[in-house]
Amino acid sequence: MESHHALAAHHEHAGHGHPSHERPHGIRPTDSSYHLVVRTVLWIIAGLVFLAFALWWFLT
């Protein structure tokens, strides 16, 4: 059985065909449409919360 350090060293020196070495580490560009969808959904949720609060305020 190999020690933890031996396994870590083996993983760090994997061949160039290893999937983790295909792209450099760091921030990858994300799809802008994904950000637009997330922002839209968050604004809709915020609007619904505001409308629910306004309705509760009006009814009480």
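Start with helix α2, which runs over residues 32-59 and has 28 residues. At 1.5 Å a residue it should span 40 Å, and its end C-alpha atoms are 41 Å apart, so the two values agree. Bear in mind that this is a predicted model.

How many of the residues of α2 are buried? The count is zero among the 28, so to speak of cover here is to say that α2 is hardly covered. The chain as a whole reads likewise: of its 60 residues, 0% count as buried. Its secondary structure comes to two helices and zero strands.

Next, the surface. There is a nonpolar patch of about 650 Å², made by Tyr-34, Val-37, Val-38, Val-41, Leu-42, Ile-45 and Val-49. On the spacing in that list, the general point is that an α-helix has 3.6 residues a turn, so residues three or four places apart point the same way. Take Val-38 as one of the patch members. Val-38 lies in helix α2. Its relative accessibility is 32%, so Val-38 counts as partly exposed; buried would need under 20%.

Now the aromatics. A search of the whole structure finds two aromatic pairs. One of them joins Phe-53 and Trp-57, with 6.0 Å centre to centre and 50° between the planes, which is a tilted arrangement. Why are these two separated by about one helical turn? Because Phe-53 and Trp-57 are four residues apart in helix α2.

Are they buried, partly exposed or exposed? Phe-53, at 45% relative accessibility, counts as partly exposed. Trp-57 has a relative accessible area of 59%, and over 50% is the cut-off, so Trp-57 is exposed. Ring pairs also bring in Trp-56, linking Phe-53, Trp-56 and Trp-57 into a cluster.

That's the item; questions are welcome.

Methods
Residues numbered from 1 in each chain as written. Predicted model: local features only at pLDDT ≥ 70, side-chain atom pairs only at ≥ 80, totals over all residues. Heavy atoms only, no water. Buried < 20%, exposed > 50% of the residue type's maximum accessible area, 1.4 Å probe, protein only. Expected span 1.5 Å × (residues − 1). Patch = residues over 30% accessible without salt bridge, like charges linked within 9 Å, V, L, I, M, F, W, Y side chains within 5 Å. Areas by Shrake-Rupley, 256 points an atom, 1.4 Å probe, with all protein chains shown as cover. Salt bridge = Lys/Arg side-chain N within 4 Å of Asp/Glu carboxyl O. Phe/Tyr/Trp six-rings, centres within 6.5 Å; stacked < 30°, edge-to-face > 60°.
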